[in-house]
Each structure stands twice: as C-alpha cells, then as structure tokens.
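Please read it alongside the structure shown here.

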Amino acid sequence: MRCLVIEDDADTSRYVCNGLKEAGHAATPCGNGLDGLHYAVNENWDAIILDRMLPGQVDGLSIVGKLRDLGKRTPVLIISALTSVDERVRGLRAGGDDYISKPFAFSELLARLEALRRRACPGQESMRLQVADLSLDKRTFQVVRASQSINLQPREFRLLEYLMRHEGQVVTRTMLLEAVWDCHFDPQTNVIDVQISRLRNKIDKGFSPALIHTVRGSGYVLAARESAPLAADAP
Amino acid sequence: MVVLRRSVTTQLALAYGLVVAASVALVSAALFFGTIGVLNRAVDAKIERVSNRLMQNDGKGPAYAVLARRINRLLADGINSDTEIYLLLSPGGRPVAGNISTWPDASTPFSRPVTRHVIRVGRPSLARIIVRRLPGGARLFVGSDLRPEALIHTLVVRALIAGAGLSLILVVIGTVYLRRQIERRIAEIGRTAREIEAGDLTRRVPSFGDDEFGRLGLGINRMLDRIENLMDGVRHVSNAIAHDLRTPLARVRARLEEALRPGRSREELSEAATEAIEGIDTLIRVFEKLLQIAEAESGMRTRSFETVDLNRVVHDMVELYDAMAEQEQVGLTTSGEAPVLALGDRDLLANAVASLIDNAIKYGGAGAQVQVSASSDSRCLHLTVQDNGPGIPSEEIPRVTERFYRLDQSRSLSGNGLGLSIVRAIATLHGGWLELRNACPGLVARIVLPTARDAADEDSPTRIA
C-alpha cells in the first residue's frame, strides 16, 4: 500500500511511517498542509493519513475537502487530538473515511487503514462467506463449520460476519464496537473480549484449527493460519 | 461635554427633557392661538352683527336722524359702555353721532373688521372697527375697544409662561431623578461585576423587584450560578487529576524505572513496556471520561439531539453485555418492546445505560438478577436498571456520583470511579436526573428524562440534578 502521511509532529510522523514500513507498506511523510495538499492531489495514493491540525494556511479538513471536490476517492484516515464526537462528525462530514483520535495505538491505525483499503475496492458484497471449513450465509442466517450447523444469536452473527469479511486483518475492539454494536464510546470493561470468547466457544471449540486469534495489545483476527500476522503487532 | 456624551443615562435624560420641553411649547402655542383667536373672532362677529342691525332697521335705508338717535340710545343704555364704539359721519365727513374723536381715514376698506388706533371718550385705545357705507356717502363706524381682550391676552400668556416654566422645572427634576435611578441600579450591577472580577464568585446582583432591571439582574444571577457551577466542576476535575491520576502515573513510572535496572532480560523489558502502555491507555481512558463529563456538563452537545428510541438503546446494550452477564453468572433481562421516544444523543444515552448495566453486573455478583427497562408515563421517561445485589449503604448514595468516589468494598474491583458521574452528567445534559435508591435487596438506578415533547419545548434542557 502506498501511503501519504501528512503530519506535522515529527515523532508521530516517524512512528506512523516506521510502523507502516514494518507492516510492508510504503510511506511518504509530509510535514505541512500546503505540501500535503500538493502531494495528495497530484499523486496517486492507496491511502492518506491526515492530521487535522497542521501549520500553514491549509488544515487537514480543507485538504480532504479539496480532494473530494476534485473527485478523488482516495481513502483518508484522519488522526486528531480533537476527540469529541462533534469533531469526529465534522471530520467525517468533510470527506474523511475514518477518524482516529490521538493518542492511538499503531495497531488500531493499521487495522483501520486496511479496513479502509478493503472498502475502497469493493467487489460485490457477497452473501456467502467462507473461511477454511467455516461458512456463513447471509440469506439464510446459517453458520456451518465442518458440516455442523452452529446456532448464533443475531449480534453474534453480525460479529462473525464482520470478522469474516476482514479475514486475515486485525480488527480492534473499538472497530468491533462501532461496526457490530454501533457504539462510539468506550464501555470501560472488557465486554468485547467476553463476546469474542463466547463466539469462540461456539465456532472454535471442538474444531481444528482455531480460527479466531487474539493479537495482544491490538485486537482479534479471524484466519485459517495458526498465528496472527506479526505485522499487526505494535512496534 | 465629554462626560455628557459618554453617559447613556445623561443622553436619555436629555432626550427626555427635550421631548417634554418641545411638547410643552406645542401645547402652549395651541392654547394661545386657540383662546386669543376665539376672542378675536367673537369681537369681529359682534361688531358685524351690531352694524348689520343698525343698517337694516329701516327698509329704505336708515336716515341720519334715526341712525344718530339709535346710536345715542345705544351709547346711553349702559351696556358695554366700556368697550362700545360708534360713529356716524355725514357725507361731508362731519361726525353726527358717536363716541370717538379720531377715526380711520377714508381709505379704510368697507364692511371688513380692521384694527385701528382711535381716541375714545378722550382716551387713546386700540379697537376693532368695521366701516359701513351709507347711501349718499355717509359712513357708519361700529367697533369694540380691545382692552378686555388685551387683558385676557396678557393673562393667557402669563399663565402659559408660568405653566411651561413649572413643567420645565419638573422635567429637570424628573430627568435628574430618572438618571439617578438608572445610574444607581447600573452601579450596583457594575459593583457586583467588579467584585466577581476580583475573585468573589459568590456575589450576586441585588434584587430590584420585577422591572427591567430586576429581570436583567435575575438573568445575570442565573448566568453567574451557571458559571459558578462550571467553575466548581473544573476545580473538581483539577483536584481529581491532582489526586487520582498521580497514583497510576507513579505506578507506570516505577514499572519503567524498574525495568531499566541492570540485568533485566529482554523479555522482562518488553513485558514492562507492554504493561506501561496498558497503564497509559487506562490513563488516557480516564482523561477521555473526564473530558466527556465536562463536555456533557457544559451542555454543548444538546445541538446534536435527535429522536432516540430508548427501548432500542436498552436492547442494544443488553445485547452488548449479555455475554459478560453469562460469564459472571448474572441473569440479564429486559422487558417491553414498545418504542419509548426521547430527544437526545443516542451514543450518550447508550453509554449511560452501559455504565449502569456494567455496575449492576460488577457489583451484583454471581447469581444476581439484573433487569433493564425503558418506560414512560405521562410526564417522564425512565431508563431503569435494577439488580438484587448488595446495593449501596444509604449514607453513601449522595456521594457515589462524585468523580472518582468509590465505595471501600469496591476498591478491589476494576473501575475508575467515574461511571456514575458520567451517567449523572448525561442525564443532566438531557434535562433529566439520575435516581439511586436501595430496593432491599439491590439497587435501583433510574435515569429520569423529560418526554421528547417537553424536551423540545424547553429552552434550556440543562437542569441541575
């Protein structure tokens, strides 16, 4: 993935760029709004990571706005120290695809970025998902593993569907909260861990190999492999 | 002049004075021309009438002798003898009868009242006179001395001047009084403002009663209450940060320092770093919660309110927590399907319900039953979370919504002591409040909210619980 990182804080910028490189992506740092706008508009990127508050006349939101005005659909992930819900809404309205507040874990950023890329090249959203011997059918609401039908509650179904759609990608607890329960707040306790563990009991217990893996310090990944991709670990 | 220009009250008083003075002048003029004009017209009508009568008392026109006799009789009858003026001149210009010794010359127009100086009974006087021409060139003068009118004229002018003068004096006194009154009240508001500026936030504008200034004072006082409240909140947060965030910070710092001691393995180092990150994440979460409380308490989010189905929120949150309840062996149930509509922020309300469910599961303990419901009556909406756990000692209930306050027996459990503060702040933001009550056994936590209609009607949906 070719990423443009528009961020004026040198430490954060280095942290993000190094992390992206370790994860096997190319990252171009850019330290001010004017250059950022120039690069964003004149070159093709797979994703743009954008700080909202930048020195110079051009701030993050106007870069997104300009980009969208020109008809460019490049996925934009906004990172900002402005954390309130209103600010988040403003960022998304301006044309950002996702919003992450500072301070953030790199794994969260990477997970969201990969989800964005996936969204940017949408194929037909298929009604049938298959990972190893686990299959999920959206039309019949049926989940089958190794020819055994598994009974899931509606939310568990949505949770599994989300995990399967992001097969092989790390999804964070926050992403799950937002996508499955539509919660944009932090519920303090490990509700998601408990939900995942119940889901595991239903789809992994007694089957081999285990499909749902915990990525320490980040979240979860559903994959047929034994271990989670290392790239998603926090540097 | 500088002083005059700068004072609104002086300008007001001056403008008021000028308006009153102008109206007094107008009234006086109207009165003057009204009275004197009427008098003058009355005199003119009288002399015209009298001259007409003298002229017409004979069908073929009056003969001198008859006319002279009539004039003499009129002069002798004792009626109007102070003012009446008659003169009959022969065609040759010789006076035949009458009481004036000089008369208007021949150029005086006929049959139209004019004002002239004449000598009447040996005394000069100003008179209103009408001249009539008789057949054969003789002339008849009928008039009236204007001395009584002049007296009335003087009297009216004097009265008007006295009245106007008195009014102006009253106006001056009035404007000075008005100015003083306004200045006194403004000065009191100003004094309160200065005292508050000097740091005493408890000062309030004194009550002036139910007039504009009274209402202004009430408005200012309400604003000051709100500011004081917010300031208290800020002070509380700073205290809380000072006391409750130092401990976890110290812990993280100690862990890292320990990890840097010589002879530590790579694994130990990485373990310490991971723990430090977790510790810092916890701190960040606390910061976010504090900011969220501050944001809710400042009432800034009411802008994004929309219609929310509380029952939907309850079901969503129960579905979020059902796995945890299972794990903790707590029965988590909800009842009711009918929509309960409120005006609010879905995320915040969900957050509040989540916090209450979280508390109920955590403190209810294994085997507890937690019942969550959304309901409404004619006046209020309720979000209720009831458990049958140990509850909260009654004397502690008022304190548990304070930031960072934790019951002694709950200190061993995870949590940061902010949950109920957030719930209360969210309830307050929505124009409602949080009720906590022991159900013996267990605790009933209830968020009471205004109905969607009431919430939309209310100007400021913030109310201090």
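The contact between the chains takes 20 residues from chain A and 23 residues from chain B. The model is predicted.

**Side of chain B that touches chain A**
- Helix H6 (266-298), helix H7 (310-327) and helix H8 (346-364) of chain B are the elements that give two or more residues to this side.
- H7(B) supplies the largest share, eight residues.
- By class, the residues on this side of chain B are nine charged, eight nonpolar and six polar.

**Packing of H8(B) and H9(B)**
- Helix H9 of chain B spans residues 419-429, and its axis comes within 9 Å of that of H8(B), with a crossing angle of roughly 145 degrees.
- The crossing of H8(B) past H9(B) is left-handed.
- H8(B) contributes B:Leu348, B:Leu349, B:Asn351, B:Ala352, B:Ser355, B:Leu356, B:Asp358 and B:Asn359 to the contact, while H9(B) contributes B:Gly419, B:Ile422, B:Val423, B:Ile426 and B:Ala427.
- This helix contact has eight nonpolar, four polar and one charged residues.

**Nonpolar cores**
- The largest nonpolar core holds 113 residues, and B:Val353 and B:Ile357 touch the most other members.
- H8(B) gives the most to this core, eleven residues.
- Leaving out residues up to four places away in sequence, B:Ile357 touches B:Met317, B:Tyr321, B:Val370, B:Val372 and B:Val385.
- Another core, of 22 residues, lies apart from the largest one and includes B:Leu88, B:Ala97, B:Ala127 and B:Leu140.
- In soluble globular proteins, nonpolar side chains tend to be buried together.

How values were computed:
Residues are numbered from 1 along each chain as its sequence is written. Chains are lettered from A and ligands numbered from 1 in the order in which they are written. This is a predicted model: local features need pLDDT of at least 70, side-chain atom pairs count only at pLDDT 80 or more; totals for chains, interfaces and linings use all residues. Two residues are in contact if their C-beta atoms, placed from the backbone, lie within 7 Å. Helices (H or I, at least four residues) and strands (E, at least two) are DSSP runs, numbered from the N terminus. Ala, Val, Leu, Ile, Met, Phe, Trp, Tyr, Cys and Pro count as nonpolar, Asp, Glu, Lys and Arg as charged, and the others, Gly among them, as polar. Axes are lines fitted to C-alpha atoms, for helices over the stretch in contact, and angles run from 0 to 180 degrees between N-to-C directions. A crossing is left-handed if the near helix is turned anticlockwise from the far one by less than a right angle, and right-handed if clockwise. A nonpolar core is a set of buried Ala, Val, Leu, Ile, Met, Phe, Trp, Tyr and Cys residues joined through C-beta atoms within 7 Å. A residue is buried if 20 or more other C-beta atoms lie within 10 Å of its own, exposed if 12 or fewer, and partly exposed in between; C-beta atoms are placed from the backbone.
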